[in-house]
There are 2 protein chains.
Amino acid sequence: MPSVSSTLASAMTEAAGAVVEALGHLLPKSEYPENRLYEAMRYGTLNGGKRLRPFLVLCSSHIFGVADECALRTAAAIECVHCYSLIHDDLPAMDDSDLRRGNPTVHKAFDEATAVLAGDALLTIAFEILADPRTHEDPAVRCRLVSALAKASGVQGMVGGQMLDLIAESTELDIGAITRLQRMKTGDLIAVSTEAGAILGKASVQHASALRNYAHDLGLAFQIVDDLLDAEGTEAETGKPVGRDAEAGKATFVTILGIERARAQAKLLSEQAIKHLAVFDGRAGALEDVARFVVDRKS
Amino acid sequence: MPSVSSTLASAMTEAAGAVVEALGHLLPKSEYPENRLYEAMRYGTLNGGKRLRPFLVLCSSHIFGVADECALRTAAAIECVHCYSLIHDDLPAMDDSDLRRGNPTVHKAFDEATAVLAGDALLTIAFEILADPRTHEDPAVRCRLVSALAKASGVQGMVGGQMLDLIAESTELDIGAITRLQRMKTGDLIAVSTEAGAILGKASVQHASALRNYAHDLGLAFQIVDDLLDAEGTEAETGKPVGRDAEAGKATFVTILGIERARAQAKLLSEQAIKHLAVFDGRAGALEDVARFVVDRKS
């Protein structure tokens, strides 16, 4: 497995910068007393993170020649949903985490009520951004984005997966149930990020389906590596507490498959993801790099 | 002020039944373990409530001859947002309420994590419902609905108002600040419910603006009466704890205006709301009744 190419690293850094700039504009400061809420929204979105999902939006948009503003707004909207989910997942009633990306979590830096509201507001603004004509001139495209993001992040997707994750603490799950849980909890948002470019670019069914298959394998590989990092990583490397799955007695890909088989499985999925991109004749090089990066990452 | 007409009461009951049926279909049970989340979503939406917002959607849709299914789906979506906001507002970190509509709140009947997730999922599904072609054949209309609902319920609207409400516990607010707070916290969602019919029916600018002005006055009247009920009502009448504003030392319309002036102001706003409907030549009779009901209600 080659190390992450410096090309990809600099492309990701550049994309992250552009997305943070877009988020900064979309989440302005306010002169009113509720500015505290804007501050919490900005704190929960502008500070660090790999920005993997926005990068996937930008890469897939690039394949279909989507205008930068459209792609960036869509990327920012999906990142708002991702960040809201982190803020709510970190709450005392949920994972009760004090640390995120090496910084105090939103409910620690502000307070719990503000964290609940900041998450709610970020989820809401994501749909406002997508429904805005600046995101795409064709309202049918905007509706497809809203619909795809809502499905990926709601009860059939991310939130449902989070519910399953809570249930997993007290229930024995088999590999099928864990795969389904992770598909919902993280896979679906990764998938919609990858498909966003196809929606924005009105791609053919064949191209959209190639991206969907790529995203499916990528999402699963990503989650297996997340489990590996929780089992093997250090807090300094990952910027968040580690070893929590084992502590909670939670079944993960690693507890079921063991470290070696989990690592082999992630590698296999990454290679498989890359094969789905053959249909783009080399125009999806960045997505190939992402698939390699996802299994190589240390945080 | 006449008492609520029996015509309105039976129209509201009928509409509430239709909306609950629509919600029941939109929030199905699941055979998977995450059914707990669906149960919490159903519990938080299907049990009681006046269904004022859905009724406003149905009334305004009726003026413009909007098809029943379109109006009902939109009504259900807005009610999902209203119910999510109640679930999150009741959380221990927020208002810490044990009782809602005479029943245990969602975090009491389930648990806090499930309540957070049920709220998140209801907010998300609202946008999924609106973006679905079954809500309206024209994607431009669906985008307008998504956009209007997101603005009304996000940081510039309901969630921002909730943040202000929390700040109000420790800050002295004047009547202007309270009006702004209440416009955001409850007025904007009432306004979007009323405007929804105009959006679905592609109403003229004049008609849409009449509805907006009506909704503005109605929303304010509604909130003043809410404050009056908190100051004067009983838990048995309202189905929720009362006297909490005074307990929290929170400024409200009632603490600033006093009971008599607040009641007079609500009545004035209600009459003013009705005047905005003159442009509909009697086709908005139900909305006139609503304006009377809102100041007459006991819960």
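Colleague: Which residues is L149(A) in contact with, once its neighbours within four places in sequence are left aside?

Modeller: L149(A) is in contact with A77(A), I78(A), V81(A), A126(A), L130(A) and V192(A). Contact means that the C-beta atoms of two residues, placed from the backbone, lie within 7 Å.

Colleague: What are these names and contacts based on?

Modeller: The model is predicted: local features need pLDDT of at least 70 and side-chain atom pairs count only at pLDDT 80 or more, while totals for chains, interfaces and linings use all residues. Residues are numbered from 1 along each chain as its sequence is written, chains are lettered from A and ligands numbered from 1 in the order in which they are written.

Colleague: Why is E128(A) called buried?

Modeller: A residue is buried if 20 or more other C-beta atoms, placed from the backbone, lie within 10 Å of its own; 12 or fewer make it exposed, and counts in between partly exposed. E128(A) has 25, so it is buried. In chain A, 57% of the 299 residues are buried.

Colleague: Where is E128(A) found, and what does it touch?

Modeller: E128(A) lies in helix α6 of chain A. Residues up to four places away aside, E128(A) touches S147(B), A150(B), K151(B) and G154(B).

Colleague: What does α6(A) give to the side of chain A that touches chain B?

Modeller: In total, 42 residues of chain A are in contact with 42 of chain B. α2, α6, α7 and α8 of chain A each supply at least two residues of that side, and α6(A) gives the most, with 12. Helices are DSSP runs (H or I, at least four residues), as are strands (E, at least two), numbered from the N terminus.

Colleague: How do you know that the two copies are related as by a two-fold rotation axis?

Modeller: Copies are superposed by least squares on the C-alpha atoms of residues with pLDDT of at least 70 in both. A rotation of 180 degrees with 0.0 Å of shift along its axis puts chain A on chain B, at an RMSD of 0.0 Å. The relation is therefore that of a two-fold rotation axis. P139(A) comes closest to this axis among the residues of chain A, at 2.7 Å (C-alpha). The same surface serves both copies, with 100% of the contact residues of chain A recurring in chain B.
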